[in-house]
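Hi,

Here is the structure we talked about handing over. Please have it open while you read; my notes follow below.

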Amino acid sequence: MLILSLLFLCSEIIIQGLRYLKRLYVRKFSNEINREMKVILYKNLLLQADSSESTGTWMTKAISDVDNCSEGIRKFTTEFFDTGVAMISYFVMLMIYDWRLAIISCIFPPLAVLLAERMKKIVVPWTAAGREAAEALNGATVDRITNAITYRVYGVEDTWNEKIEEQLTDYEQKSSKAHILENGMPPIYRVISMISGIFILYFGGKNVLGIGWTVWDIAAFSTFLSAFNKNAIKISKAAKLINIVQSAKVSWGRIRPYLHLLNDKKVLPEPEAQELKVEDVSFSHIEGEPVFSNISFSAKPGQIIGVTGEVASGKTSLGLMFLKQGSYTGHIYYGKDELKNISEDAQVFAYMGHKPNLFSESIKDNVLLSEGNTKEELDALNHVLQMVAFEDELNELSDGVNTRIGNGGIRLSGGQQARIALARTLYHKQPVLILDDPFSAVDMKTEEEIFNSIREEEKNRIIILISHRLNVFNKCDGVLFLQNRTGIFGSHAELLENNPDYKKLVLLQEGGESDEA
C-alpha cells in the first residue's frame, strides 16, 4: 500500500505539473490571439468607422466580441485535452472491463451532445440580442458622459438617466438569456449522460453475481461505475463547450469583416511631396446618400487649398474622404497612385479634426506621441510649438513641455488645445495635411500669425485648410466652395467675382454688405 500510495503521489505531481504548463501556455496563446485581434481590428475600425454605426457598436466589437472569441478559443483548446483525451481514456478502460456494457453505457451521453447542438437555434439569436443590447448601452453611456453638462444645463438630465436605466435593464435581461444556456444547461446535459447508469447497475450487478457477461468482484464493479461517472461528466462538459463555441461564433461573425490584414495595398517607400489631383469625385459614407458630387481640384507641394461652404455642406466629409472613411467614385491621385491603392502605412495624409483629441499626458507626449528625448526631437517639438504661436503660453507653464494637460486637455483653453493638436499634425511629416477648422478657437491675429508660419515653413507639403472662417482665404492658392451637394474651385478673387454666394459669405464676415465698396 505504501508503494501504491507513493506511485499515486508521483503520478499526481507529474499530471498536475503538466496540466499547469498546458494551462499556462494555452492562456498565453489565448492572450496573444486577443491582443493581435484587437490590434488588427482597431486599425481597421479607424479606417472604416463612419456615422452609420455608433461608438457603442465599435466598443462592443473591439472589446467584448474579441474577448468572447479568444475565450472560446481558449476553452476549446483546453477542453480538447482535458475532456477529449480523458473521454477516450475512460472509454478504453470501460471496454477492457466489459465491452458489451461499455457500448450500452455510451447510448445516452451522445444525446446530451446532440441536444447541445440543437440548441444552436436558441443560442445564436439570444447571443446576438445580448450583443446588440451591449452596443446600445455602451453608446448611451458614452453619450451620457460626453454630453453630461449639456443635459444638465437644459434640464433633461433625468430623462437621459431614465433612458440609461431602460437600456441597462434591457441589457441585463438579454445578457442573462444569452448566458443561461452556458450556465443553466450543463446540469441537464449531466442528467442525460447519467441515464446509462441504470443499465450499469443492472448488468454490472449480474457480473458481480457471476451470471452476467463477465465475472466481476465488487472492486471491478465500483471501478467501472466510477469510470462511467467521470466519463459522463466529461461528456456534459463537451456539450457545454458546444454552446460556448456557438456563442463565440456569433462574435466572430460580427468582427470577421474587420480582421483582414492590410497587406494587399501598395506601400510607398517614403512619403514624398507629389501633386494631389481630385477628378470628378462623388463621396458618400458607408450605406449613405452622396454627401457631394462632381468635385474636382488639384494641389501641388507648397500650396494651401481653402475649403469652405455652408453648414452641413460636406466640409468635414471632404477631409474624411482622404482617410478612406467612406466610399467615393471618380479618381483621387497622389502622384501616379490612386488613393484606393495606397496603403495607410504609407503615411501620406495627416489629419486634424474638429476635436483636438488630446490625452492626459504632457504637451510633449501629445505632440510627439512617443517618449522622444533626443535633442533633434526636442528641437523639432519647440519649433512646431513656435509655429502655432504657443511659445508665450509655454513659458508661463511651470514644467514647460512636460506639463500634464489632463484628460482631453482640460487644463488648457480651447485655443490652446487646438494649437497643441495643430502642432502634433505639423510635427509628423506627412506630405498632405488636412486641417479641419484649426483656427476656430483662436483670434484673427493669431490665426494670421499661424497661417503665415505654415506658409513660410511648409513649402514642400500640401495643406487642405477646411474652415468656416475666411479671414486668410485671400492668401490661399485656391478655394473650393461647397454648395448644393457639389463644389466650385477657383482662386479667391475668381470666386468673389463669379459666385454671389461666396461673395456674400466673405462680405458678411468682413462686416459689410454686397452693395458696399
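**Aromatic contacts**

The structure holds 11 aromatic pairs. Keep in mind that this is a predicted model.

One of the pairs is phenylalanine 108 with phenylalanine 199. Their rings are stacked, at 6.2 Å centre to centre with 20° between the planes. Phenylalanine 108 sits in the loop between helix H3 (99-105) and helix H4 (109-118), and phenylalanine 199 sits in helix H9 (residues 197-209), so this pair ties together parts that are 91 residues apart in sequence. Phenylalanine 108 is partly exposed, at 21% relative accessibility. Phenylalanine 199 is also partly exposed, with a relative accessible area of 31%.

Next come phenylalanine 481 and tyrosine 502. Their ring centres are 5.5 Å apart and their planes stand at 70°, so the pair is edge-to-face. Phenylalanine 481 belongs to strand E9 (residues 478-483) and tyrosine 502 to helix H18 (residues 500-510), so the contact ties together parts that are 21 residues apart in sequence. Both phenylalanine 481 and tyrosine 502 are buried.

Tyr97, Trp216, Phe221 and Phe224 form one aromatic cluster. Lysine 340 lies over the face of tyrosine 328, 4.7 Å from the ring centre.

Is strand E7 (residues 432-436) buried or exposed? Five of its five residues are buried, so E7 is largely enclosed by the rest of the structure. Val432, Ile434 and Asp436 point one way from E7. Leu433 and Leu435 point the other way.

E7 has parallel partners. Four bridges join strand E6 (residues 349-352) to E7. Here tyrosine 351 stands opposite isoleucine 434. Five bridges link E7 with strand E8 (residues 462-466), also in the parallel sense. In that pairing, isoleucine 434 stands opposite isoleucine 464. From E7 the chain crosses through helix H16 (residues 444-457) to E8, in a right-handed β-α-β crossover.

**The antiparallel sheet**

Four strands form an open sheet in the order E2-E1-E4-E5, with antiparallel pairing. The edge strands are E2 (290-299) and E5 (337-338), each pairing on one side only. Strand E1 (residues 276-284) is joined to E2 by six bridges. Across that pairing, valine 281 has isoleucine 295 in E2 as its bridge partner.

Best wishes

Definitions and conventions. Residues numbered from 1 in each chain as written. Predicted model: local features only at pLDDT ≥ 70, side-chain atom pairs only at ≥ 80, totals over all residues. Heavy atoms only, no water. Buried < 20%, exposed > 50% of the residue type's maximum accessible area, 1.4 Å probe, protein only. Helix = DSSP H or I, 4+ residues; strand = E, 2+ residues; numbered from the N terminus. Pairing = 2+ DSSP bridges. Right-handed = clockwise from strand over helix to strand, strands pointing away. Phe/Tyr/Trp six-rings, centres within 6.5 Å; stacked < 30°, edge-to-face > 60°. Lys NZ or Arg CZ within 6 Å of the ring centre and 35° of its normal.
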